[in-house]
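Please keep the model open beside this note while you read the numbered points.

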Amino acid sequence: MASRQRPDARRHRDVQRPLRRLDAVPVRRHGPRDETAGPRRLRRHPRRHRLPRVRTDEVIRASDRVETYYDHARELVDLGGAYTCSCEAGAFSDMKNSGEACPHREKDVETVREEFEAMVAGEYESGEMVLRVRTDIDHKNPALRDFVAFRMIDTPHPREEAAEYRAWPMLDFQSGIDDHLTGVTHIIRGIDLQDSAKRQRFVYDYFGWEYPEVVHWGKIQIDAYDVKMSTSTIRSLVESGDLDGWDDPRAPTLASVKRRGIRGEAVVDAIVELGTSTSDVDLAMSTVYAKNRELVDDESDRRFLVRDGAAIPVEGGPDAAHPPLHPDHEDRGRRDIPVRDAVLVELEDVPDVGERVWLKGYGCVRYEDPVDGEASFVFTDDDIDAVREEGVPVIHWVPAAESVPVTLRTMDGDVSGHAEPSFRDYAPDDVVQFERVGFARVDSVPEDAAEEHVAYYTHP
RNA sequence: GCUCGGUUGGUGUAGUCCGGCCAAUCAUUUCGGCCUUUCGAGCCGAUGACACGGGUUCAAAUCCCGUACCGAGCACCA
């Protein structure tokens, strides 16, 4: 994943199996945030976030390890690296911002130790006492000055096993300790946590530990969507009915691209290619499409789909056409498309009167408009040189009768059209390439084939 | 306000630490050609970038300073 090799990372090249911990993985948090409610109830990773090649070897819970954090806090206190502080948060912040130490900073270790044990025993209420790491109170970066390691929480932890604890570690302390104890070699985290490493190093220095390699990366934005890639924005559009759901093709979500038939692997490929830049990057959907095309092109059979077609009679030609299911795989067989009396073609494919077009898989026809009658395609029996040498356009078509009504859902809205009769053979989740239109994933197939089928447009 | 990052073609990326082999890599996009009964694929080709201004140097994408713009942190959230 780390395509950018940091100089120090080379040292780890020979490590057999680097242990990586991902901070700020895309775990969505649902429901209102209640700042007073104690450790947030963590949801299981929703299914839609499971991606190929992302494998979790082991899950550890901080709430099972509170005693471990206490032990390290005690050791840190003994090393002179931490002190208990009863400053009101705002007051401390003001002092800190002007580089001033609070009076508690110089307490002796004995007192600190006693007060910390009192924290552990739950003798304080929320807000009354914290344990701070002694960093550098006039460090030029105010973000690093004497940060909080433990604070009191009145609300019991939702897990019964941890419900009795009242003194809880902050993220930087907890994850810093766990990274070392679990042997993490590489930390991959967002740029919002850039200062975490700097804070945690103070703790590591007290303990004499070596800090893991850190790779930071910025936010990823996706082009091609009108809807902002924001959970709250999407949620409100879903709730108001402007989007049909989280998997609406207009929504910039994994659920949406999945429903369109884009493989998770294509998304992973594209994102891995973005690398780990610390600046925000735009993921071009065209890159995702290119990756997906590589995956699906070979196995997607071809069919015709005419969008908003015009019916035009056909005279003088064969009864049916037999184009291959896949141009690169003749062995898969051929389709059988009846012609009957008329075909549907897309409006923009209708030629000028007197001009020829090549109905793909069928043959060349001339568009003729007799003075008193209905304009029609008259079979000309030209051979393929008409296309190769004379520039006759090749277009797709479906029989005017017997074709299958299809709603094609796209990022730009729904399009209705008709697919050739054998489209009935498809089942939900199949991916088809509608020639000259693009790939699509079959979403639903009605009992009665005359009813509307629904397909999701994948990409060109 | 203080602090920390970042800025290479439309998009992403390599190169920046250790200046020269970088008139800048690769992918994608766009355009054109070949092939193909479309699209796609394949093959060939083209367009297109070192944010700006100074400085150091024989030599700067690379080092230094400044500016602009973007992002992030300065919480008893994770």
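1. What percentage of the residues of chain A count as buried? Of its 460 residues, 44% do, where buried means under 20% relative accessible area, exposed means over 50% and partly exposed lies in between, calculated with a 1.4 Å probe on protein chains only.

2. This is a predicted model, in which local features need pLDDT of at least 70 and side-chain atom pairs count only at pLDDT 80 or more, while totals for chains, interfaces and linings use all residues. Residues are numbered from 1 along each chain as its sequence is written, chains are lettered from A and ligands numbered from 1 in the order in which they are written, and side-chain values use heavy atoms, with hydrogens and water left out.

3. Chain A contains 10 helices and 25 strands; these are DSSP runs numbered from the N terminus, helices being H or I with at least four residues and strands being E with at least two.

4. One open sheet is formed by four strands in the order β2-β3-β4-β5, with antiparallel pairing, and two strands are said to pair if DSSP finds at least two bridges between them. Because β2 (82-85) and β5 (167-169) stand at the edges with a single partner strand each, one side of each is left without a neighbour in the sheet.

5. Within this sheet, β3 (residues 130-133) and β4 (residues 148-152) pair in the antiparallel sense over three bridges, and Leu131 has Phe150 in β4 as its bridge partner.

6. Helix α1 (residues 66-78) lies across β2, β3, β4 and β5 and runs at about 85° to β5, while helix α3 (residues 109-120) lies across β2, β3, β4 and β5 and runs at about 65° to β2. For these angles, axes are lines fitted to C-alpha atoms, for helices over the stretch in contact (heavy atoms within 4.5 Å), and the angles run from 0 to 180 degrees between N-to-C directions.

7. Around RNA strand B there are 54 residues, of which Asp328, Lys360, Arg388, Gln433 and Glu435 come nearest; a residue is near the strand if one of its heavy atoms lies within 4 Å of it. Sugar and phosphate account for 70% of the atoms of RNA strand B that come within 4 Å of the protein.

8. Which parts of RNA strand B lie by the side chains of Arg151, Gln194 and Trp358? A polar side-chain atom of Arg151 is 2.6 Å from a phosphate oxygen, an N or O atom in the side chain of Gln194 is 3.3 Å from a sugar or linking oxygen, and one in the side chain of Trp358 is 2.8 Å from a base oxygen.

Definitions and conventions: A polar contact is a pair of N or O atoms within 3.5 Å; within protein, one must be able to donate a hydrogen and the other to accept it, and residues adjacent in sequence count only if both atoms are side-chain atoms.
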